Amino acid sequence: MEQLLTYLARALVDQPDQVGLRISEVDGTRLYELKVAPEDVGKVIGRDGRTVNALRTLLNAAAQKSGQKVRLEILDDRRNAASGQPAAAPDTSR
């Protein structure tokens, strides 16, 4: 699943070398945090969140085959540049 997500993200952005993926376990759910260059965040999120929702759908379908629960968040450094902490894009999948 990691390879699928990084492949798709690199295909979407202008700076594929800056695509990063951090994976962690939170309450039995695998959390994927995707980081891209600040100017590429909009490309990964898409208009009205359509692109990120499509990525979430693909990730959930792949995870369901193996019986896992997953969540995808896009890290956006532009929003919290002053506080020093990365912010995640809002989860619009609900």
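Buried means under 20% relative accessible area, exposed means over 50%, and partly exposed lies in between (1.4 Å probe, protein chains only). Keep those words at hand for this tour.

**Before you start**

The model is predicted, so local features need pLDDT of at least 70, side-chain atom pairs count only at pLDDT 80 or more, and totals for chains, interfaces and linings use all residues. Residues are numbered from 1 along each chain as its sequence is written, and side-chain values use heavy atoms, with hydrogens and water left out.

**Stop one: Glu-33 and Arg-22**

Select Glu-33. Is Glu-33 buried or exposed? Glu-33 is buried, at a relative accessible area of 14%. Arg-22 is partly exposed, at 45%. The two form a salt bridge (a side-chain nitrogen of Lys or Arg within 4 Å of a carboxyl oxygen of Asp or Glu), and their closest N and O atoms are 2.7 Å apart. Glu-33 sits in strand β2 (residues 29-35) and Arg-22 in strand β1, so the pair ties together parts that are eleven residues apart in sequence. Strands here are DSSP runs of E with at least two residues, helices are runs of H or I with at least four, and both are numbered from the N terminus.

Side chains of opposite charge can pair when their charged atoms come close.

**Stop two: Asp-14 and Lys-43**

Select Asp-14, then Lys-43. Their side chains meet in a salt bridge, with 2.4 Å from N to O. Which parts of the chain does the pair link? Asp-14 is in the loop between α1 (2-12) and β1, while Lys-43 is in helix α2 (residues 41-45). These are distant parts of the chain, 29 residues apart. Asp-14 is exposed, with a relative accessible area of 57%. Lys-43 is partly exposed, with 35%.

**Stop three: a network**

Select Glu-25 and Arg-30. They form a salt bridge, and the closest N and O atoms are 3.3 Å apart. Salt bridges that share partners join Glu-2, Glu-25 and Arg-30 into one network. Glu-25 counts as exposed at 52% relative accessibility. Arg-30 counts as partly exposed at 24%.

How many salt bridges does the structure hold? It holds six.

**Last stop: Val-26**

Select Val-26. Val-26 lies in strand β1 (residues 20-26). Val-26 is partly exposed, with a relative accessible area of 34%.
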